[in-house]
Amino acid sequence: MTLMDQIGMGFGLVAQWQSVGYLVLGVTIGVIAGAIPGMSAVMAVALTLPFTFSLQPIFGILLLLGVYKGGVFGGSIPAILIKTPGTPASSATTIDGYPLAEKGQAGKALDMALYASCIADLVSNLALILFAGWLASFALQFGPPEFFTLILFSLTIIAGVSGDSLLKGCVSAILGLLLATVGLDLVYGTDRFIFGSANLMGGLNFIAVLIGLFAIPEIFAYVRNPKEIDGDVRKLGHVHLSFTEFRHSLKSIIRGSFIGVILGAIPGIGAAPAAFVSYSEARRNSPNRANFGKGEVEGVAAAEAGNNGVAGATLIPLLALGVPGDVTTAIIIGAFMIHGLQPGPMMFATNGDIIYAIFIGLVLSSVILLLVGGAAIRGFRYIADVPRYVLLPSVLVLSVYGVFAVNNSVFDVGVMFAIGAIGYGMLLLRIPAAPFVIAFILGPLLENNFRQSLLMSQGSLDIFVRGPITWFFWSLTLLAVAVIIRQTLQASRERAVLTPLGTPSAMSSSGTRPAE
Amino acid sequence: MLSRRIEFVLSAFIVVFGLLLCFVAIPLGVDTPSSMRSILLSPAFWPTILAVGLTAAGVLLGIAQLRRKREDVGDVFEPLVGSEILRLVGFVVLAVIYFEAIAFIGMVWASVLAFAAFVFLTGAPNKIIGLAAALILPILLFAFFYHVAGVNIPQSDVLRLP
C-alpha cells in the first residue's frame, strides 16, 4: 500500500459521519470535564475509555483524543471565571484571566483563550503530522535492545511527573513496575504473584488500575470533606475581543505554540510548564509587560497557546515510538492496545490508514474545539452548577460499570477499589500517582524487550550496546539522570534556604491531587 | 514534603515492604523453572531488581529525612477528625457492600443503592436530586452497556431490566 493509498483510506475513515460525531462528542465531554473543577482531563479520558470498547478502533480513538483536546482547553474556563483552574495546565491562565474577569472583561479573556487554544492546537497537530512519520521511519530500524534502551530513557519522564519529591516518584514508579509483573511469565509461562488466583493469571486490568488511581481517590477526598467548591462565577460582560487585540497577541500565540510543541514532544514535561514558559516569554518580550498579572489579554493568549501547543506534540512519541509523552497519552496507549493496535513505528506500516485518519481527525478537532469551546463559554454557569454530591457518586457508579465492561469481571471492580484505597493513601502521603501509571504501562514493554534481547544474545549483556542507537539512548538516559540529580539537589538547597524555620507550608492533606 | 516523623515512618515502611518482597513474596510467589540458561532470564530476576530498588529508595528517603533541618516541619498534615474517620470508614464499608452486592442483586440495583447511600453518607444538601440521580444514572448506564455495547451487565432474578 502506498503512502497516498494510506492517506486516502485515512480520509475515508474520517469522512464517515460517525467519526465526526464521536470527535464532536469527545471534544464536548472534554471541555465540560475540564471546566468542572475537581474533574481532570486524565480522569475524563479514563472514564470515557470503557465506552469505546464497542466502537470501531478509529471511532474510539477519535473520541478519546477529542476528550483530551477538549479537556486541555476546558480548564481555562473556570480559571478565568472563578479563579480555579479546571486542570493544572490552566494555572498560568488564571494570572491574567481572573483580573480581566474582575474588570468585567471575562468575555474578552475567554475569547482570547479559545482562539489561542485553537491556533496552538492546530500548530501542534501540524508538528505531529510533520515529525511523527519521520521519527517512525527512523524507529523502524529498532530491535528489542534499541527499544529496551528507549523505554529506559522514557522512564526518566517520571522525574517530570514526580512533583516535589523525586524519591517518592521513584517509589511510585517501582510500585507500578512491580504491579505490572503480576500474572503469567511471558517466557516460561510460570506464575508470578498469582497465589493460586485464576483471576490474576492475565495480570491486573489496566483500566481498573487507572480508574482506581485517578478517580477513586478523588471520591475518598470528597467523602472526607464533602463541601461544594465555592466560587463566585464572574459574568462574561459585554466586552469582547477586538481584531486589533488579537493581532497584537498573535506573536505570543505563535511563540507559545512552538514552546508547547517543543516541550510537549519531550516525554514528561507536560502542559503546565509549557504554559508558564510561554507566559514568561510573552511577558519578557511584550511592550505591555508592566500590565502582566493585572489583566493583560496577551498573558492569557500566551498561557493558553503554551498549554494547548503540547496536546498534539505529546502524541509524537506515542505514535512514532510507542512511548507516552504524559499521563493522558499513557492512558491513550492503553486504548490503542484494547483495540488491538500497538502504537509505534510498525503501526505506520500495518495500520497506516488509522494513523492518517488520526492526523486528519486531529486537525478537524481544532475546528470543532472552536465551535464547542464557544458554546461551553456561554454555558459554563450550568456546568459549574453540577453539584458535587451528584458528580462524585456518578463517577463512582461510572467507574464500576466501566471497569466491569472491560472483561465482564466483577473481580476487576474489586481491584479498582483496592487500588483506589492505595491511591488515596498515596495522595495523603504525597506519593504521586502519575509515575505509577506510566511505569505500569511501560513495565511489561521494558521487561519483554530486555528478555527478548537476552534470548537473542543467548544471555550476553553485550547486545545492549550493540550499535549507535543503543549508545545514543544510553547517553540520553545518563544525561537525563545527571540533569535530574542536579536539579533535585539544587531544588533541595533552595528549599533549605527559602523555608522559614518552623513555618509549615500551607498545603492541605485532604485536598485533591496535585498537578500531574 | 510532610513532617519528618511521617516521612520517617513512610521510609521505614517502604524498606520493610521491599525486604518482605525480597525474602518472602518473591520466593513464595514467583515460580522459577529449575533449568534456566541465564539468571537474567529468570522470572524472579525483574521483581528482585525492583524489590532491591524499592528498598534502596526507602533507605534514601530515610537518609533525606536525616539531612532535613529539625525545624523544617513540612506541609500541614491535617489530622483526621472523628467525623471524617467515620465517613471514610463508612465509604470503605459501602464499597465492600457494593462489590459484594453485585453478585446478589445485580449491578444496576447495587449501584442505585450505593449511590443513594453515598448521598446520605456525605450529607447532600438536596437529597431529592441525589436520589433521582441515584435511580436514573445506573439505569441509563445499563441501557448503554447492555443494549449498545453488548456487555452482559449482571442482573438478579428480581426486578430484572429488559
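**Contacts, core and domains**

Author: In this predicted model, 58 residues of chain A are in contact with 63 residues of chain B.

Reader: What makes residues of chain A count as being in contact with chain B?

Author: The criterion is that the C-beta atoms of two residues, placed from the backbone, lie within 7 Å. For 58 residues of chain A this holds with residues of chain B, so they are said to be in contact. Among the elements giving two or more residues to this side of chain A are helix H9 (166–179), helix H20 (410–428) and helix H21 (434–456). H19(A) gives the most, with eleven residues.

Reader: Which classes of residue make up the side of chain A that touches chain B?

Author: That side has 35 nonpolar, 15 polar and eight charged residues.

Reader: Why is the set of 223 residues called a nonpolar core?

Author: The name requires buried residues of nonpolar kinds, joined through C-beta atoms within 7 Å. The set of 223 residues is therefore called a nonpolar core, and A:Val45, A:Ala46, A:Ile211 and A:Val437 have the most contacts inside it. Helix H7 (residues 106–139) of chain A gives the most to this core, with 18 residues. At least three residues come from each of domain 1 (4–67) and domain 2 (82–148) of chain B.

Reader: Which residues are in contact with A:Val437, leaving aside its neighbours within four places in sequence?

Author: They are A:Gly176, A:Leu210, A:Leu213, A:Val327 and A:Ala330.

Reader: How far apart are the C-alpha centres of the two domains of chain B?

Author: The centres of domain 1 and domain 2 of chain B lie 38 Å apart.

Definitions and conventions:
Residues are numbered from 1 along each chain as its sequence is written. Chains are lettered from A and ligands numbered from 1 in the order in which they are written. This is a predicted model: local features need pLDDT of at least 70, side-chain atom pairs count only at pLDDT 80 or more; totals for chains, interfaces and linings use all residues. Domain bounds come from an automatic or database domain assignment. Helices (H or I, at least four residues) and strands (E, at least two) are DSSP runs, numbered from the N terminus. Ala, Val, Leu, Ile, Met, Phe, Trp, Tyr, Cys and Pro count as nonpolar, Asp, Glu, Lys and Arg as charged, and the others, Gly among them, as polar. A residue is buried if 20 or more other C-beta atoms lie within 10 Å of its own, exposed if 12 or fewer, and partly exposed in between; C-beta atoms are placed from the backbone.
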